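Biologist: I'm new to this one. Could you walk me through it in plain words?

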Amino acid sequence: MENKTQSNMEESTLLSKKVSRRNILKTAGAGSVGMLIGATGIGGLLSLSDTKITKGETMKDKIPFYGKHQAGIATEAQHHIYFASLNLTVDNRKELIQLFRDWTEASAAMTEGKAVGDHAGNPFLPPKDTGEAAGLAASNLTITFGVGPGLFEKDGNDRFGLRNKKPKELKELPKFPLDSLEEKWSGGDICIQACADDLQVAFHAVRNLVRIARGKAVMHWTQSGFQRTKQADTKKETPRNLFGFKDGTVNPNTNNGKEMDQQVWVQSGDGPGWLAGGTYMVVRRIQMFIEVWDRTALREQENTFGRHRDSGAPIGQKNEFDSPDYNKKDANGQLAIPIDSHMRLANGDGSQQILRRAYSYADGMDPETGSFDAGLLFICFQRNPEKQFIPMQHRLAKMDKLNEYTVHKGSAIFACLPGTKKGGYIGETLF
Amino acid sequence: MNNMNKWKAPLAILLSTNLLFGCAQSEENASAEKESKGQPAQAEPADDKLDGVTAEYRKYALAEIEAFVTSTEEFTNAVKSGDIEKAKATYAPARMHYERAEPIAEVFGDLDPKIDAREGDVPEKEWTGYHRIEQGLWVENTTKGYEKYAEQLMKDVHLLRAKVETVEVTPELLITGAVDLLNEVSTSKVTGEEDRYSHTDLYDFAANVQGAEKIYELLKPALMEKDEALSEDIRKRFDDVYSLLNQHKKGDAYKIYTELTKPEVKQLSQSIDALAEPLSQIGIVTGAS
């Protein structure tokens, strides 16, 4: 995964220009499990410009809903996510289009910190907005919509006359070794990703959009997630995952348009034109066996990741951002960073990149085992899943030592629609 | 009945004025009601067209309560004469009349628990009515010892019949009643909690939906003037619910709740949500919008 040359180069940039670590780290997703957990390096993140990072602040914590691309993808990860996967129950194109129009209007209002619908109400009617976000700041709310394979064809039916617009990349992910997927955490016709620095604001967004969809779509599964808040993390360090390890991730530089076009945004020649400016989103609900991890000896934990826990440094190095030495041997002549360690495997040959935007989750207790149901809501964006996520996950599912401590319970793929302008609506290029 | 309705009942009493006949209310309460009647918050939508609608609904609800008296007679007689099979067979169909007319039947906060409380809703000593007998019939498989509850139930239902005569049906009662009926379904019927021993919840479910549909049908002409698309949407959602319910019918009988699969229960629940959301907009007929 890691591009060593780039990493080294940018590390020197870091030192010479004193780019603040905060700015670098703010753009990384939450901890990521699997390849997913603890890919090393901060490569692509280092050249971010300050303008991008402070955008939210200068806009008073508002991120525009309208734009060439949907927000919530290249956007710096907010503290919280509320994710919902829905199945459509509408049976005609006209109602589907109306749903996208209504969603667009409501989303634009909510991302500006406004209520859904006009305020003056008939006292004999329920209020249009559900109300729990009244008086709250927009909190960098972003709302991102994606469409799953089922929109184009379900049980052989060309339900909305969209079958011939289905991109060949948009199909259920292959079964990876060790997958233990459950229907209740998998798939969906449409997804809504609401991210905000306040969970109540994020939940309010999904709640109102699901309400608007009532009779047209039903929830299939939902998941909330969190990262440490910026208030708690005063030193602005790399977020730690629920295994306690720092999880700096390699991501394309979200401020580098060329890199984003290469790695994340679907280009006009890539397939059906309607998705140009959009991206493919992969979602995996990865349960982490934290009780098992907690009784694992420190050295074993560190060998699993290939990193030291406290400093976050690669094994054999002092600091988090030191380059790993994959050839270094220990006193016994063994590779210091084990062959099946997560970091080494995740590193691969560095040819595949994905834009990670993962969040930890804690969903109470697993009633069957009495253990925590906690883990990672892994989300990544890419231009072509067949060339990016899928080969990476195949490699990790086969060998990663971390697999002893994790299990993939949920999986979904969506085509995130391109952005829209004021007056337009999300999904308009489809129809 | 459920808890939600327990605390809603007093409000309904305020909304529906002039129910004093047959009610053991003090004069203080009566005068408080008169005062509240004049407050703007309680104001009724001044739409003459709705007068005919409320009169029609009153007729419908009274007919349902009338039928409830007859069917309760049949049920309680079976219990009293020890005919357990007949008692079981008449239990669910009898209740349907009550469930259809619930917006009016539940106005009487003192009678509703006596007739329809579930175990735990009221102190054990005060627990009477349909569900008390239901427990005897299905859990203990007997009518013995339940004759007194049958006797009491019949008395309470007669009293209800006398009292409903006094209810003034207002447009608000209809508007909130329609959605409340579906909320009843969402919170207790679809969960299988209403008829937890007989598992005949789908009968109550269907009856609540029919009661809501009646209100919709009565308000439909006024609704069509305001928002034709909304009216059509509501009609379509009712049809969706009925088509699901019909899938769970064997001849004239509904399946028992425990025969439903989890996905089927979820589907029923979601169909009620899909109906109740547009139905909650029927308040636009009040003319304030």
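Biologist: What is the mean pLDDT of chain B?
Modeller: This is a predicted model, where local features need pLDDT of at least 70, side-chain atom pairs count only at 80 or more, and totals for chains, interfaces and linings use all residues. Residues are numbered from 1 along each chain as its sequence is written, chains are lettered from A and ligands numbered from 1 in the order written, and side-chain values use heavy atoms, leaving out hydrogens and water. pLDDT is the predictor's confidence in each residue, from 0 to 100. In chain B, 83% of residues reach 70 or more, and the mean pLDDT is 86.

Biologist: Over which residues of chain B does pLDDT stay under 50?
Modeller: For that stretch the model has 70 contacts beyond four places in sequence, a contact being heavy atoms within 4.5 Å. The stretch is residues 1-46 of chain B.

Biologist: And chain A, how many helices and strands does its secondary structure come to?
Modeller: Helices (H or I, at least four residues) and strands (E, at least two) are DSSP runs, numbered from the N terminus. Counted like that, chain A has ten helices and nine strands.

Biologist: What kind of aromatic pair do F100(A) and W103(A) form?
Modeller: A search of the whole structure turns up 28 aromatic pairs over all chains. Rings of Phe, Tyr and Trp (its six-membered ring) pair if their centres lie within 6.5 Å; planes under 30 degrees apart are stacked, over 60 edge-to-face, and the rest tilted. F100(A) and W103(A) sit 6.1 Å apart, centre to centre, with 80° between the planes, and that makes them edge-to-face.

Biologist: Why are F100(A) and W103(A) separated by about one helical turn?
Modeller: Both belong to helix α4 (residues 93-111) of chain A. They're about one turn apart because their spacing in that helix is three residues.

Biologist: Is W103(A) buried or exposed?
Modeller: Buried means under 20% relative accessible area, exposed over 50%, and partly exposed in between (1.4 Å probe, protein chains only). F100(A) has 1%, so F100(A) is buried. W103(A) has 0%, so the word for W103(A) is buried.

Biologist: Why is the pair of F75(B) and Y91(B) called tilted?
Modeller: Their ring centres are 5.9 Å apart. The pair counts as tilted because the angle between the planes is 55°.

Biologist: Which parts of chain B does that F75(B) and Y91(B) pair tie together?
Modeller: F75(B) and Y91(B) are both buried, and ring pairs also link them with F68(B), Y98(B), Y130(B) and W138(B) in a cluster. The two are 16 residues apart in sequence, so the parts tied together are helix α3 (residues 49-80) and helix α4 (residues 84-100).

Biologist: Which residue has its charged end over the ring of Y130(B)?
Modeller: A charge sits over a ring if NZ of Lys or CZ of Arg is within 6 Å of the ring centre and within 35 degrees of the ring normal. Here the distance to the centre is 5.6 Å, and the residue is R95(B).

Biologist: How many salt bridges does the rule find across the interface of chain B and chain A?
Modeller: A salt bridge is a side-chain nitrogen of Lys or Arg within 4 Å of a carboxyl oxygen of Asp or Glu. K236(B) and E95(A) meet in one, at 4.0 Å from N to O. Across the interface, the number found is four.
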